[in-house]
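This briefing is meant for someone opening the structure for the first time. Please keep the sequence and the 3D view at hand while reading.

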Amino acid sequence: MASDFHMEFFGPVSNVTVDSNPPGCPQPLISTSGNTAGLDWQVDCVDPGESLTVRVTGAGLECAYWTRFGVPLQPYFGCGTPTPTTTVTATPAPVTPTSSASPTPVQVHDAAVVRMKGPKYVDLSPGVPDSSGTTTVIVGKSFSDHADDVSVDLAFDPPGGFGSNPGGCSVVVPGATPAEQANQVFNWTRIGAGTPFVNLLPGQKVTLSANPQFVCTNPAAVNGLNWTLKAVADVHADDSASCDTLGEVFNGACATAVNDDDTNDANNSMVRGFPIVRAH
Ligand SMILES: [Ca+2]
Ligand SMILES: [Ca+2]
Ligand SMILES: [Ca+2]
């Protein structure tokens, strides 16, 4: 077990931050003084085999070692490997694990769908697409405290619902993959920005627009009904596998996946009922 971590550098350092804290540890007290820096969790929460990632600005790392309440623990870690980011694994002597301190949230991760816009109506004859309107999703980061990757999935549930799809309706999105086209759920970050995800700073927003073609083989069957569009913001852009079909987007599977790494779930998705079919 260890409670503190000490680092010595080849020169002065600043901006010491913890990228990943050992599991179960509270946020450490961070101190810097000249060529040295220290982290103090004030409890012996670092179990054997756990690791820590620290980021510093300035000189490279010369030596590092764990301590338990100020008592250095063998072994000391190697010198002469200057690198701005250093990962060190805790190998204090094994002891019976004791209950660890409650973990505290390290960072806030909050992606949000801010706004959706699209055509209010589409004028459809059988098999003739209407692409007169731009569909836009604005995605942003409301409360995060650091930059995060964010992706947006946009689902187009056809008039009457995808279960029966009585009008034989679909959208054709320029730049979509065959799977997206078949599933009617699109990585709207790639469609609108050309990249699978965007890296957003706290408070930053990005507008993602494209011109889908709306088409129905039998528009008269769904005259006056609307598409249902649902946009989902995925912080870390790591949940697309759970959000790439209409079933997943609308049955809760996608929400479960997206919510489990987003600090604020209320703004992760937005649903809008447009466009309305005007059959001709
Ligand atoms: Ca969120
Ligand atoms: Ca995610
Ligand atoms: Ca997730």
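The structure is a predicted model, and its protein chain averages a pLDDT of 86, with 88% of the residues scoring at least 70. The chain contains four helices and 20 strands, and of its 280 residues 35% count as buried.

**Confidence**

- Over residues 79–90 the pLDDT stays under 50, and for this stretch the model has 32 contacts beyond four places in sequence.
- Residues 92–101 likewise have a pLDDT below 50, and beyond near neighbours in sequence this stretch has 16 contacts in the model.
- Where pLDDT is low, the predicted coordinates should not be read in detail.

**Nonpolar cores**

- The largest nonpolar core has 44 residues, and those with the most contacts inside it are V139, V150, V152 and A233.
- A second, separate core has 18 residues, including V13, C45, V46 and L52.
- In soluble globular proteins, nonpolar side chains tend to be buried together.
- Which residues does V152 touch, not counting residues up to four places away in sequence? They are V137, V139, W188, T189, L208, A231, V232 and A233.

**Strand β18 and its partners**

- Seven of the eight residues of strand β18, which covers residues 228–235, are buried, so this strand is largely enclosed by the rest of the structure.
- Strands β12 and β18 pair in the antiparallel sense over eight bridges, and in this pairing V152 stands opposite A233 in β18.
- Strand β18 is also joined to β19 by four bridges, and these two strands run antiparallel, with K230 standing opposite V271 in β19.

**The open five-stranded sheet**

- Five strands form an open sheet in the order β3-β4-β1-β6-β7, and their pairing is antiparallel.
- Strands β3 (29–33) and β7 (71–72) stand at the edges of this sheet, and because each has a single partner strand, one side of each is left without a neighbour in the sheet.
- Five bridges join β3 to strand β4, which covers residues 36–40, and the two strands run antiparallel.
- Within this pairing T32 stands opposite A37 in β4, while I30 stands opposite L39 in β4.
- The hairpin of β3 and β4 has two residues between the strands, and in this hairpin G34 takes a positive phi near 60°.

**Backbone details in the loops**

- Most residues other than glycine have a negative phi, and most peptide bonds are trans.
- Q42, although it is not a glycine, has a positive phi of about 65°; this residue is found in the loop between β4 and β5 (51–58).
- N165 has a positive phi of about 45°, although it is not a glycine either, and it is found in the loop between β12 (148–157) and β13 (169–172).
- N165 is buried, because 20 other C-beta atoms lie within 10 Å.
- A cis peptide bond joins F274 and P275, with an omega of about -5°, and P275 lies in the loop between β19 (269–272) and β20 (276–279).

**A residue in strand β9**

- R115 is found in strand β9, which covers residues 111–117, and R115 counts as partly exposed because 15 C-beta neighbours lie inside 10 Å.
- R115 and T136 are 21 residues apart in sequence, and from C-alpha to C-alpha they are 8.1 Å apart in space.

Technical notes:
Residues numbered from 1 in each chain as written. Chains lettered and ligands numbered in written order. Predicted model: local features only at pLDDT ≥ 70, side-chain atom pairs only at ≥ 80, totals over all residues. Core = buried A, V, L, I, M, F, W, Y, C linked by C-beta atoms within 7 Å. Buried ≥ 20, exposed ≤ 12 C-beta atoms within 10 Å, placed from the backbone. Contact = placed C-beta atoms within 7 Å. Pairing = 2+ DSSP bridges. pLDDT = per-residue confidence, 0-100.
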